[in-house]
Each structure stands twice: as structure tokens, then as C-alpha cells.
Amino acid sequence: MLRKAVALASLLASVIALDNGVARLPVLGYNTWNAYQCNIDQDLYLTSAKLMKSLGLLDAGYHHVNIDDCWAEKNRSASGDLVPDKIRFPNIQSMTEQIHALGFKAGIYGDSGWFTCAGYPGSFMNELRDITMFQNWGFDYLKYDNCAIPYDDIIRQGMVGKYQRMTDAMATLAKTSRKTPFIFSLCQWGWSQVWLWGATMGHSWRVTGDIAPQWDSLAAIINFNSFITQATDFYGHNDMDMLQLGNGGLTFDEAKSHFTAWALMKSPLLIGTNLSAITPDILGILTNREILGINQDPVVGQSISPFRWGINPDWTSNSSFPAQYWSGASENGTVVMLLNTLNEPADMFFNLTESPWIRAGRQYSVRDLWTHTENGTAVRNFTAHAVPAHGVVAMLLKDAGDEPSGIFPACAVWFQCTDQNGTAVGG
């Protein structure tokens with residue numbers, strides 16, 4: 001359980017973002033790991049990129065295609081360089097050139113320890129050598145993992161210093177090469193409060209362990225992230241791990257909730273699916289341009305946050321039943337997410353001014369971000385009826401002027417509602 005004091009401390013922490021000109025907005029793209037793990041090669045990578053383009057995902061904003069672990073030979077060269085697998089990646093530079101020609105950026109995987117999580121060479125004590133090699137091969141993005149940590153008397157660093165080594169190497173490379181800096185994704189898993197320090201050295205940071213295509217896994221990640229949403233802003237993002245849509249294990253409503261929560265909390269959106277088996281329904285979720293538009297909002301970089309937990313008292317950590325009522329600012333209005341964490345359909349009611357982004361005494365037009373319809377005007381409160389089990393409602397509320405006059409009572413929420421003469425409304 002997260003203790004209330006720890007959660008509050010996290011909310012109060014200030015974030016100094018790594019503003020070096022790249023990854024101002026969350027990265028959208030594809031990663032090979034969840035669908036293929038180590039069963040990857042150059043042809044699969046290029047085929048995935050071509051599928052991304054033919055499915056319309058590039059046009060929807062998914063600009064990155066990233067390989068994960070297992071791309072290298074098990075040993076460095078005699079001169080100390082990383083070597084791509086000679087059979088599976090015979091010409092890695094040609095591969096990235098073809099990726100760029102298709103309109104994508106190319107991402108690669110490394111590790112901050114002696115070895116990657118699958119046992120391939122890590123980058124500890126070779127940071128500048130390796131990031132220079134990645135750039136020479138044509139990569140733009142690095143996912144950097146946390147396996148095979150050196151002994152204490154060798155590393156003599158905590159997690160901050162361990163990752164700072166690669167951040168410093170990237171800064172040195174950008175200065176000497178005069179090329180666009182790498183996008184740096186820290187895969188530190190969140191155990192060392194990475195959301196408090198990750199923004200000083202990377203553009204995104206993993207907040208939990210690996211995701212699984214099951215509702216329990218999604219709920220636990222949403223619960224954890226509900227306490228650290230203030231760590232996300234332009235150039236720095238809580239990474240909730242790869243999208244699991246289409247990998248089995250999720251209902252259609254759960255898949256919509258998964259995508260909505262990740263997108264509106266401004267997580268990077270990296271598809272971790274076998275693209276050749278993607279269904280029209282899942283493709284429709286991934287290409288919802290109104291939801292993607294919130295994730296890629298050019299004016300507001302912050303995540304949505306809970307304004308009421310719902311079935312639990314506020315600030316309760318419950319990995320099975322996370323916060324249900326969320327909101328946040330956007331370029332075009334107030335975003336609201338209602339998440340039914342129950343195992344059965346439920347009506348979900350809230351007073352509009354429970355959200356700190358809503359003004360009292362005003363009425364709001366309601367735009368449904370999934371049906372893409374205008375659903376009338378909300379005055380003082382809103383009820384979403386029969387939200388499916390593990391389902392979601394996502395809305396954009398826009399100020400539509402003063403509420404009608406003469407509404408009783410004087411305040412939608414009576415707490416501290418007071419007349420000018422000092423009389424408290426509602427006793």
C-alpha cells in the first residue's frame with residue numbers, strides 16, 4: 001500500500017524536465033518485445049514498419065518503430081564495440097535507412113548494467129562508445145534497461161548516478177556530433193522513485209514492472225500512477241509500459257479503458273502487438289484521433305489526475321480498484337475520464353465542480369471522445385449510465401456560458417457554501 005504521506009510528498013515534488021529539444025510530447029510507436037520477445041530479425045522489423053504504414057498508424061501519429069532486447073551478438077568485438085547479430089541483423093544501418101525512408105524514426109534497446117535482461121552486452125562503462133555507435137547506425141531513440149547491476153564497490157552509484165552516465169554520454173554526443181539528441185526512455189521500473197528524478201535525465205521512465213494483457217495488471221498500473229500524475233509534463237512522461245491491445249486476455253471494453261487511461265495520463269503509446277493479427281476493432285481504438293489528440297496536446301502537457309477515488313475513500317491505494325473519477329485541462333476544454341473498475345455495469349455520477357478545472361455557475365457542452373458525438377449540455381452534475389464492467393467514458397467538457405438562473409440550491413456542493421450575510425447554505 002502507498003501511504004498517504006508518501007503520495008502527498010510525490011504530488012508536491014517539483015519536476016525539472018530534460019528540455020533538450022526532443023520528446024516534448026509522449027512518443028507514439030511500436031515495440032517488438034511483447035509480441036515477439038527474442039524472436040526478432042531485420043525482416044520482421046521492416047515488415048512491422050510497413051504494416052504500421054499500411055494500417056494507417058503512421059498517419060495517426062505513431063512515428064517510432066523500436067526493436068527491443070536480443071538484437072546483438074553475445075560478445076563485443078575485439079575492439080570493444082557492440083556487434084549486431086550477424087544472421088538476424090546482417091546490415092543494421094541499411095535497416096534504419098529503410099525505416100527512415102518509410103517515414104519512421106528508429107529505436108534500439110540497451111542496458112545500464114553489465115548485460116541486458118536477456119543476457120546480451122550492456123553498456124556500463126561503455127556509454128559514450130555505445131550511444132555513438134547507435135547514432136552511426138541511424139537510431140534516434142534508446143530504451144535503457146536495469147538488469148545486471150554491477151557490484152557496489154564497482155558502480156559506487158545509486159540509480160540516479162547509474163542512469164546519469166548515459167545521459168551525460170548523450171549530451172556529449174549531441175554537442176560533438178551536432179545532431180538531434182536521442183530520445184531517452186529509462187526502463188527503471190519505478191522502485192527507486194524514478195518519477196522524482198527521471199525527468200532530469202530522460203524523457204520517459206517506467207513506473208512499474210512489466211505489463212500483462214489482463215485487467216488485474218492494468219488496474220494495478222493505473223492505481224500506482226494515480227499517485228504520481230504530477231510528475232508528467234512536457235519533455236517528461238510516466239511510462240506505463242506498452243499497449244497490450246490485441247494480445248488476448250482483455251475484453252473490448254477493457255481494451256478501450258487501457259488505451260484511454262494510457263493516453264490521457266500522457267504515457268508514451270508503444271504498441272506491443274503482432275500487427276499482422278490486429279483486428280479492425282483494435283485498430284479503431286489505436287487510431288481514435290480525439291483520444292490521441294489529448295495525448296499529443298500541444299498546449300497542456302500534464303496528465304489527468306483523480307478528483308475522486310469513487311468506491312474507495314480518496315487517496316486509497318487499491319491495486320484491484322483504482323481511482324474512478326479523473327479530469328484535467330486540455331487545449332480545448334476539460335477532459336474527464338470515468339473508469340468503472342467494478343466487475344459489473346454501473347452508473348457513474350459526479351458534481352461538475354468536483355473537478356478543479358470546472359467553473360461554478362457555468363454549464364458545459366459534453367463531447368463524447370469515443371462516440372464522437374455532442375451529447376447535450378451538463379448543468380451542475382453529470383451521470384454516465386450503465387458504464388460497462390471495466391469500461392470507460394471519456395469526455396471533453398467545454399464552457400457553454402452561465403447556467404440557467406434560479407437553480408436551487410444556490411451551490412451544487414454545499415460544503416462552505418455561504419451567503420454574503422454569513423448564512424451557511426444547507427445548514
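1. Six strands make up an open sheet, ordered β9-β10-β11-β16-β13-β14 and paired antiparallel. Strands here are DSSP runs of E, at least two residues, numbered from the N terminus, and two of them pair if DSSP finds at least two bridges between them. The edges belong to β9 (305–308) and β14 (373–379); each has a single partner strand, so one side of each has no neighbour in the sheet. From one strand to the next, the twist averages 35°.

2. Before going on: this is a predicted model, so local features need pLDDT of at least 70 and side-chain atom pairs pLDDT 80 or more, while totals for chains, interfaces and linings use all residues. Numbering runs from 1 along each chain as its sequence is written, and side-chain values use heavy atoms, with hydrogens and water left out.

3. Arg-308 sits opposite Tyr-325 of β10.

4. Tyr-325 turns up again in a second, separate core of 17 residues, along with Val-336, Leu-338 and Ala-384. A nonpolar core is a set of buried Ala, Val, Leu, Ile, Met, Phe, Trp, Tyr and Cys residues joined through side-chain atoms within 4.5 Å. The largest one has 96 residues, with Tyr-62, Trp-71, Phe-139 and Phe-259 making the most contacts inside it.

5. Have a look at Asn-340, in the loop between β11 (333–339) and β12 (346–351).

Terms used:
Helices (H or I, at least four residues) and strands (E, at least two) are DSSP runs, numbered from the N terminus. Axes are lines fitted to C-alpha atoms, for helices over the stretch in contact, and angles run from 0 to 180 degrees between N-to-C directions. Buried means under 20% relative accessible area, exposed over 50%, partly exposed in between (1.4 Å probe, protein chains only).
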